[in-house]
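User: Could you show me how to read a few features of a model, starting from the general idea each time?

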Amino acid sequence: MSYPEIRPRRLRRNAAVRRLVSETRVDPAELVVPMFVKEGLTEPRAVASLPGVLQHSRDSLRKAAVEAVQAGVGGIMLFGVPASRDETGSGGIDPDGILNVAIRDVIAEVGDATVVMSDLCLDEFTSHGHCGLLTPDGVVDNDATLAAYADMAVAQADAGVHVVGPSGMMDGQVGAVRRALDAAGHQDVSVLAYAVKYASGFFGPFRDAVESALEGDRSTYQQDPANLRESLREVELDVAEGADMVMVKPALPYLDVVAAVRAAVNVPVAAYQVSGEYAMVEAAAANGWIDRERVILETLTSIRRAGAQIILTYWAVEAAQLLRQRY
């Protein structure tokens with residue numbers, strides 16, 4: 001049969017029909033909101049390149065965590081911005097470092113009402129801005145960094161975190177973190193592996209948010225944007241090392257990678273809608289070039305359609321509210 005008997009537009013005739021036959025839906029419980037907390041702040045501070053995103057004080061972070069729970073988001077990913085840094089990133093391991101203190105604050109405030117996650121990487125804490133320890137000639141030392149990640153994972157677990165997110169793209173990082181957690185009695189702490197993290201130009205505003213000291217780039221450990229098969233190999237290794245979930249970062253420029261990863265594994269797949277993706281939409285909306293709310297939901301739907309079960313996005317709280325209005 002063909003036209004006029006076959007008319008696909010019948011299933012688009014009004015909003016009620018379109019909702020009924022919608023193939024992909026984003027649920028607020030699938031969204032995770034990244035939050036930044038800066039040591040020493042008494043009031044939250046705006047991030048100029050990320051309109052609407054804040055560096056939180058400890059007090060404002062607790063309030064924002066409650067707001068996220070009330071909106072129904074699935075999780076919070078915490079990033080710390082220390083007052084001082086050193087060559088080894090010791091502030092990330094210190095139980096009284098800002099990230100570990102923030103974990104305790106948020107757990108005390110919301111408990112198990114949402115999933116509290118923490119970034120497990122040294123870049124926010126090192127004076128050179130790299131994700132690992134450096135050799136005397138300035139090269140990131142993979143194996144020495146693994147030992148630091150292990151200590152950092154235990155410190156975060158001791159603070160009460162539910163999920164650690166090793167994001168430095170060191171070879172063997174998931175296995176090192178898993179072994180350290182288990183040896184310290186934290187068998188129930190999950191590992192969300194940044195399994196596929198590209199050396200991307202979309203990270204710029206994030207580096208403003210964490211006040212990164214990085215000079216140069218991270219191409220020796222983050223992945224080449226041209227490569228897909230390499231990504232699948234990274235994912236396979238991380239799952240074999242004990243990853244409970246795997247993530248692709250960034251999201252929108254790599255939807256094909258998200259789909260390929262989803263087809264390859266039987267663990268939950270996450271995608272991080274990174275700062276540059278967020279900033280582009282906000283800038284275009286501020287100029288009146290796009291319908292902001294419509295584009296927010298469209299981007300999230302595309303990431304979900306590609307196969308990501310979990311989406312990290314700076315719009316998580318707002319998007320959760322918009323989705324509740326829609327459905």
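Here is a short walk through salt bridges, a surface patch and a cavity.

Analyst: Gladly! This is a predicted model, so local features need pLDDT of at least 70, side-chain atom pairs count only at pLDDT 80 or more, and totals for chains, interfaces and linings use all residues. Residues are numbered from 1 along each chain as its sequence is written, and side-chain values use heavy atoms, with hydrogens and water left out.

User: How many salt bridges does the structure hold?

Analyst: A salt bridge is a side-chain nitrogen of Lys or Arg within 4 Å of a carboxyl oxygen of Asp or Glu. By that rule, the structure holds 10 salt bridges.

User: Which side chain meets Asp 182 in a salt bridge, and how are the two placed in their helix?

Analyst: The partner is Arg 178, at 2.9 Å from N to O. Helices (H or I, at least four residues) and strands (E, at least two) are DSSP runs, numbered from the N terminus. Asp 182 and Arg 178 are separated by about one helical turn because they sit four residues apart in helix α5 (residues 173-183).

User: Is Arg 178 buried or exposed?

Analyst: Buried means under 20% relative accessible area, exposed over 50%, and partly exposed in between (1.4 Å probe, protein chains only). Arg 178 has 12%, so it is buried, whereas Asp 182 is partly exposed at 33%. Arg 178 also forms a salt bridge with Asp 244 (3.6 Å, N to O). Asp 244 lies in the loop between α7 (229-241) and β8 (245-249), so this pair ties together parts that are 66 residues apart in sequence.

User: Where is the nonpolar patch on the surface?

Analyst: Patches are made of residues with over 30% relative accessible area and no salt bridge; like charges are joined within 9 Å, nonpolar side chains (Val, Leu, Ile, Met, Phe, Trp, Tyr) within 5 Å. Accessible areas come from the Shrake-Rupley method with a 1.4 Å probe, and for residues only the protein chains shown count as cover. Here Leu 11, Leu 20 and Val 21 form the patch, with about 300 Å² together. Leu 11 belongs to the segment before α1 (15-21) and is partly exposed at 49%.

User: What volume does the largest cavity have?

Analyst: On a 1 Å grid over the protein atoms alone, a cavity is a set of points where a 1.4 Å probe fits but cannot get out; lining residues have an atom within 4 Å of a point. Grid points are joined across faces, edges and corners, and a volume is the space filled by probe spheres set on the points. The largest cavity has about 100 Å³, and its lining has 16 residues, with Asp 123, Lys 197, Phe 206, Arg 218 and Lys 249 nearest its centre.

Definitions and conventions:
1 Å grid on protein atoms, 1.4 Å probe; cavity = no way out; pocket = protein on both sides within 12 Å on 5 of 7 lines; lining within 4 Å.
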